[in-house]
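Student: Can we go through this structure together? I'd like to start with the ligands.

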Amino acid sequence: MVTVALGPRSYGVKVGPGLLGTLGAEAKELGLGNGCAVISDANVTPLYGARAMESLRSAGFRPVEITVPAGEKSKSLEQAQWICERMIEAGLDRRAWVVALGGGVVGDLAGFVAAIYYRGVPFVQAPTTIVAQVDSAVGGKTGVNTRNGKNLIGAFHQPRLVLADIETLATLPEREFNEGFAEVIKHGAIRDRTLLDAVAELDRANLAPIIRRNVEIKARIVAADEKEKTGERALLNFGHTIGHGIEAAAGYGKLLHGEAISLGLVAACRLSIAKAGLDPAEARLVTALLEQYHLPVRLPEGIAAEAILAALKADKKFEEGAIRFVLCPRLGEAFVSKDVTPDDVRQAVAELG
Ligand code: NAD
Ligand code: GLY
């Protein structure tokens with residue numbers, strides 16, 4: 001088990017096969033209340049809903065199943081409100097708790113519901129995608145999107161436990177499996193050069209070690225800078241400033257999150273060559289790894305560089321020229337630079353076309 005060390009709010013992240021079946025017993029161990037909501041999406045509920053519900057029931061809980069449509073569009077305030085209303089109708093009160101069963105969309109949305117329901121109830125993350133197991137289920141960032149951008153409404157709310165059942169990854173479609181490697185490659189680029197070698201030679205029959213390594217990287221960063229105050233946690237945004245702009249410009253749901261981040265990583269590597277002395281051969285290695293996972297490294301048809309820049313301009317800091325941008329001077333290291341200008345970003349976006 002990996003521990004996210006946050007004093008009294010510390011929690012464990014378990015990675016391995018069959019963990020979903022232990023959900024009820026684990027929740028009992030944590031002393032959680034009887035009533036709970038298992039929040040999932042329309043793809044995941046039919047696959048794993050029954051396993052989670054059965055585990056909870058057999059441990060004496062009274063779970064209510066709540067299913068939202070699959071996809072990024074569900075990460076909205078309206079959807080969060082709809083879930084809260086279902087929970088109220090089901091008689092769940094302040095002693096209730098939440099299970100987030102699914103990918104990063106469900107994790108961010110259900111975590112946000114847990115943060116606001118009766119001013120905050122506990123929750124357990126049961127991530128079922130690579131993105132969620134290596135990144136989003138760990139660290140307590142929860143939230144929803146608005147028309148103006150990603151994750152603009154949200155709360156820090158740490159889970160009580162994360163159960164990353166790697167058996168659930170077997171049903172991930174190929175595209176969703178591959179997209180997760182954008183975040184894995186990001187972790188390697190900012191913190192662990194050897195992780196990139198492991199990504200290049202991945203054994204799909206043995207995913208636990210690579211997922212655990214990513215969790216360790218993220219857990220350490222979150223423990224050092226939970227609320228993104230010192231700049232340490234901001235390093236996790238490598239590739240995300242431009243990536244989020246691309247996601248918004250494409251229209252939520254067109255590109256998968258990891259696909260937009262892949263393009264953001266390519267642009268961030270180019271900026272790192274220009275502004276931080278990254279060796280172009282190391283940048284090419286990152287691009288080659290992204291390509292190995294069939295992730296985009298050039299802007300797909302129909303997403304104009306202008307639209308991305310317009311999405312970035314929604315960020316006032318960007319317009320005022322005071323952007324903080326994560327750069328990577330050599331693989332395995334990163335820092336936050338104040339040296340990147342809007343023109344540099346424009347140039348990097350243009351080069352993606
Ligand atoms: P997702 O949750 O939309 O899942 C991708 C697709 O896979 C969906 O269609 C889903 O229904 C399906 N799916 C999930 N698990 C499955 C399984 N086991 N078998 C078959 N299908 C399955 O997307 P994602 O890539 O997991 O997460 C992306 C989201 O995570 C974005 O909203 C992003 O902003 C967020 N994110 C948050 C953080 C954070 O720190 N909170 C970090 C990274 C990403
Ligand atoms: N995924 C970025 C963070 O958790 O800070």
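Tutor: A polar contact here is a pair of N or O atoms within 3.5 Å; within protein, one must be able to donate a hydrogen and the other to accept it, and residues adjacent in sequence count only if both atoms are side-chain atoms. This is a predicted model, where local features need pLDDT of at least 70, side-chain atom pairs count only at pLDDT 80 or more, and totals for chains, interfaces and linings use all residues. Residues are numbered from 1 along each chain as its sequence is written, chains are lettered from A and ligands numbered from 1 in the order in which they are written, and side-chain values use heavy atoms, with hydrogens and water left out.

Student: How far is the side chain of Asn-43 from an oxygen atom of ligand 1?

Tutor: An N or O atom of the Asn-43 side chain is 2.9 Å from that oxygen atom. For Lys-75 the distance to an oxygen atom of ligand 1 is also 2.9 Å, and Asp-108 has a side-chain N or O atom 3.0 Å from a nitrogen atom of the ligand.

Student: And ligand 2, which residues are around it?

Tutor: Asp-135, Lys-141, Lys-218, Arg-233 and Leu-236, each with a heavy atom within 4 Å.

Student: Switching topic: where does the largest nonpolar core lie?

Tutor: That core has 75 residues, and Val-13 and Phe-238 are among those with the most contacts inside it. Domain 1 (2-171) and domain 2 (174-352) both contribute residues, so the core lies between them.

Student: What counts as a core?

Tutor: A set of buried (under 20% relative accessible area, 1.4 Å probe, protein chains only) Ala, Val, Leu, Ile, Met, Phe, Trp, Tyr and Cys residues joined through side-chain atoms within 4.5 Å. Domain bounds come from an automatic or database domain assignment.

Note on methods. Buried < 20%, exposed > 50% of the residue type's maximum accessible area, 1.4 Å probe, protein only.
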